[in-house]
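Dear colleague,

Please find below the structure that I am handing over to you, followed by some notes on what turned up in it.

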Amino acid sequence: MANNMPELFGTGYPRAGLLRRVGRLEQVAGVRLVTLGDGQGRGVRVLEFRTGTGFAFEVLIDRCFDVGRCELAGQPLSWLSGAGVTGPWYYEPDDWGWFRAWGGGMVVTCGLDHTLGPAEDTAAHFSQPHIQPSVRYGLHGRAGGLPARLAGYGERWEGDECVLWAEGEVLQSAVFAEQLVLRRRIEARVGASRFTIHDVVENTGHTPASHMFLYHCNAGFPVLDEGAELVVPSRRTSTDYGVPVDGYQMMSGPVRGATEACFEHELIAEPEGTVPVGLLNRARGLGVYQVFRIGQLPHHTVWRMLGEGTYALGLEPGTNRDAGRADARERGELQWLEPGETRQYDLEIGALQGTAALDEFGNRVSRLLPTGDTADRR
Amino acid sequence: VTTASTSNRQPGPGRQVLERVTGDLAAAGGVRAVVLDDGSERGIRVLEFRTGGGLRFDVLVDRAMDLGLAEFDDLSVGWRSATGFRHPGLHEQHDEDGLSWLRSMSGLVVTAGLDHILFGGEVDSEQYHYPPRGRVRHGLHGRVANIPARLTGYGEQWDGDRCVLWAEGEVHQAAIFAENLVLHRRIEADLGGTEIRLTDRVRNAGFDVTPHMFLYHVNAGWPLLEEGSTFDAPIARTLWESDSVAEQGVSHLVFPGPQPGFAEQVYEHALTPDPDGRQRVRLVNAARGRAFELDYDPAAFPAFFEWLNLREGSYAVGLEPSTHHVAGDAAAREDGSMIWLAHGEERHYETVFRFTRA
């Protein structure tokens, strides 16, 4: 398809036209498998994606096949925490241990049987009450600390279109407990500054398992900076953190002694069921966005942590409200997967470059807002 | 001594400013050690430099600490040949009459040396006092590019509000009854900066007087190089050119796009140094507003070659500062220009690779 040929450096190139100019595609784009060679990350396998537009991101195979660093032309889009990329063997899943090995990054998967705050819940569905009557869940579940099986990766030409791809499988399982598999495919197109994640979660066990799921997508400096604006199609925005909702979408610089706050949105989807959310830095002409499907992930929370040295904005579409597991149970919103049952999730993440692209995305969101532009904030 | 490095330093944001907005300096820039994990590159240690100023490049530790990938803003600059970065363990030093070097050649900077550069051939080796090998056979551009380095250090060093990303290593080219030369290499880039500083020191660690030849094969590829890109250099005169220049007649100053069936065109130019004693040549892509500058010491590198390889699928221009003229190893021994290093004697090379926006 001629109209899908890679657009690079302002020109569309058919396959042969591109390959006349480069000895191998990786001069401009490709997927490279490396292993981190030092520090707490040593031994972690990483797939380095470059799409040729200056858009680069990496897949942390041994950290749930999540997406770590993400940047456009050397400008970071993602937040990296002080913890850095940490091998899964240092992961501490109990209580708040998640924070000790949370490197930040563009997409961090939370799940597969639990997300949000630590909780304790029944283990009755596993039918082994003499061993374990209840399950203790740590913050955001175990998925983010699990290594994946690398099922494949590479570059594939489809006519004149070139797709960079990777597939992996993450197994969360224990004897007498859940047995859930996350099968993930990540794709990016040469010439495009975005990637997509397609996830299938399956209960491969023989007992029912609870299922909660959330993408913790983290924007950082310099796309996050004073004056950057969050755009989200929200009918009503609320917070339990005792801070004003008014003006929450405009970012400040780093604040000494800042306390985190979360804001929850009542989402308005596009007619196709997609929800666009972005962080737009108009002064820099740089933005980062996510698009997810409301039918798959009906809830969305923004994590605002604009502190010194921990300066991040989390954009978190999820299966559940921010109040977490007990609240979900009370409301009857906690999901269960029967043996063999699956759930699918789709997420797109991309970069926005230049005023026109930022305005276009801003308009895409504001079109969805109730007339008069201002949604209910409280 | 002129130093390469004092001009054109961009001040980055101050240390505290950066640390307030990043939990990990790596969010903005830094040096990361990885190991390539697949294909013919598997096992090669790489240091990934990201300056945060739009410049990203790889140091190939196990390939003489040469420079592989190099990108500036959204443009690829370093040429990537079809060979990939082959593991040095796969290299065949003497295969194909020494042209096997071409099976492993890729990246922004490929170093040639340490005791031989340019075309292969056989020369006398009486200086090593080992009669069974009175002569030595050299392949194209010598051995050094396919020797793994010992990585002696790397990291990020703050000095007040300035942060230098750095790496140091040693490349040892040695054999019993033969040369024993060590290349000490330091690579630097400023956080927020757009230049790479390469400082090389070649020392004769052996006790026989040993020949030394040295050349950087600096290779730019698409899209910095494309139709209309220009070579900007103070050429006083062209000392030599390959026969293909007359046969093909493609300009060495303004480049065409990839050509079918192109035969390489090679030139040796005499260049006029800048008033400060440095030699600067540039590849300019005016349409994209980007340029790549090679800034070297002409006292250390008295010769310079321009290599046009504008063929389809292998589209590159090489800029090659060299210790010796095109006539090569044997001629240098005859005309007295061969560098003979006594034990402990050294040669120094300070070079800057600069990436600029118009």
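How much area is buried between chain B and chain A? The answer is about 3,900 Å², with carbon and sulfur atoms giving 47% of it, where buried area is the accessible area (1.4 Å probe) that two parts lose on being put together, summed over both. Of the area that chain B buries against chain A, 20% comes from Arg20(B), Arg80(B) and Trp222(B), more than from any other three residues.

Before you read on, please note that this is a predicted model, in which local features need pLDDT of at least 70 and side-chain atom pairs pLDDT 80 or more, while totals for chains, interfaces and linings use all residues. Residues are numbered from 1 along each chain as its sequence is written, chains are lettered from A in the order in which they are written, and side-chain values use heavy atoms, leaving out hydrogens and water.

In terms of contact (heavy atoms within 4.5 Å), 53 residues of chain B meet 47 residues of chain A. The interface of chain B and chain A also holds 10 salt bridges, a salt bridge being a side-chain nitrogen of Lys or Arg within 4 Å of a carboxyl oxygen of Asp or Glu. The side chains of Arg56(B) and Glu71(A) form a salt bridge, at 3.9 Å from N to O.

Ile131(A) counts as partly exposed because its relative accessibility is 49%, which falls between buried (under 20%) and exposed (over 50%), with a 1.4 Å probe and protein chains only.
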